[in-house]
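Visitor: Hello! Could you show me the structure and walk me through it?
Guide: Gladly. Here it is, and then please ask away.

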Amino acid sequence: MNIGQAAAASGVSAKMIRHYEAIGLIPPARRTEAGYRLYRQSDVHTLQFIRNARDLGFSIPQIAKLLALWNDRERPSAEVKRLACDHIAELEEKIQGLQAMKATLEQLASHCHGDDRPDCPILEGLATPGIGSRRVAEGVDVCHGS
């Protein structure tokens, strides 16, 4: 199948397929005499694996490791689980960071009148050194009236 068909079948855009090939995440595609890329069903399966891993937030280096493990039928599953658990810890850290950002913005927004006055605690807060790295208590939904 050609790259468009492989893209449709895998859910990975043709641009990303070419990118994955360029960075060595997938092997170079076979080519026709005219230079068009040709893909097998096994290539589509690999692209689906990559797409699923990307959807779960794995980085390209992590996906490369997962692909190597996936292709190694003698691998211990402990290594796969370690990679997954490490990624879970990274996601948890990101979640905590996002929750802290949300809480800070909620606190700033709760002090803003949101009217025609020019004074704005949100802008003042953004101008305060270190405000983005501070952790504040979780607030209420100040933007939607709850």
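Visitor: Leaving aside its neighbours within four places in sequence, which residues is arginine 37 in contact with?
Guide: Keep in mind that this is a predicted model. Arginine 37 sits in strand β2. Once neighbours within four places in sequence are set aside, its contacts are Met1, Asn2, Ile3, Arg18, Glu21, Ala29, Arg30 and Arg31.

Visitor: What separation do the C-alpha atoms of arginine 37 and isoleucine 3 have?
Guide: Along the chain, these two are 34 residues apart. Isoleucine 3 is also among the contacts of arginine 37. The separation of their C-alpha atoms is 6.2 Å.

Visitor: Which side chain does a polar contact of 3.1 Å join to that of arginine 37?
Guide: Look in helix α2, residues 14-22, where Ile17, Tyr20 and Glu21 are buried. One of these is also in the contact list of arginine 37. The partner in the 3.1 Å polar contact is glutamate 21.

Visitor: Why do the buried residues of α2 line one face of the helix?
Guide: The buried residues in question are Ile17, Tyr20 and Glu21. Looking down the axis of α2, they line one face because they fall within an arc of 100 degrees.

Visitor: And which exposed residues are carried by the face of α2 turned away from its buried side?
Guide: The buried residues of α2 pack against α1 (3-10), β1 (30-31), β2 (37-38), α3 and α4. Turn to the face pointing away from that buried side, and the exposed residues there are Lys15 and Ala22.

Visitor: Is tyrosine 39 buried or exposed?
Guide: Tyrosine 39 lies in the loop between β2 and α3. Its contacts beyond four places in sequence include Met1, Ala6, Ile17 and Glu21. Buried means under 20% relative accessible area. Tyrosine 39 has a value of 4%, so this residue is buried.

Visitor: Now for the largest pocket: which helix gives the most to its lining?
Guide: The largest pocket has a volume of about 150 Å³ and is lined by 13 residues. Two helices, α3 (41-55) and α4 (60-71), each supply at least two residues of that lining. With five residues, the helix that gives the most is α4.

Visitor: How many residues of that lining are charged?
Guide: Thr46, Leu67, Ala68, Trp70 and Asn71 are the lining residues nearest the centre of the pocket. By class, the lining has seven nonpolar and five polar residues, and the number of charged residues is one.

Terms used: Residues are numbered from 1 along each chain as its sequence is written. This is a predicted model: local features need pLDDT of at least 70, side-chain atom pairs count only at pLDDT 80 or more; totals for chains, interfaces and linings use all residues. Side-chain values use heavy atoms; hydrogens and water are left out. On a 1 Å grid over the protein atoms alone, a cavity is a set of points where a 1.4 Å probe fits but cannot get out, and a pocket is an open set with protein on both sides within 12 Å along at least five of seven lines; lining residues have an atom within 4 Å of a point. Grid points are joined across faces, edges and corners, and a volume is the space filled by probe spheres set on the points. Helices (H or I, at least four residues) and strands (E, at least two) are DSSP runs, numbered from the N terminus. Ala, Val, Leu, Ile, Met, Phe, Trp, Tyr, Cys and Pro count as nonpolar, Asp, Glu, Lys and Arg as charged, and the others, Gly among them, as polar. Buried means under 20% relative accessible area, exposed over 50%, partly exposed in between (1.4 Å probe, protein chains only). The arc is that of the directions from the helix axis to the C-beta atoms. Contact means heavy atoms within 4.5 Å. A polar contact is a pair of N or O atoms within 3.5 Å; within protein, one must be able to donate a hydrogen and the other to accept it, and residues adjacent in sequence count only if both atoms are side-chain atoms.
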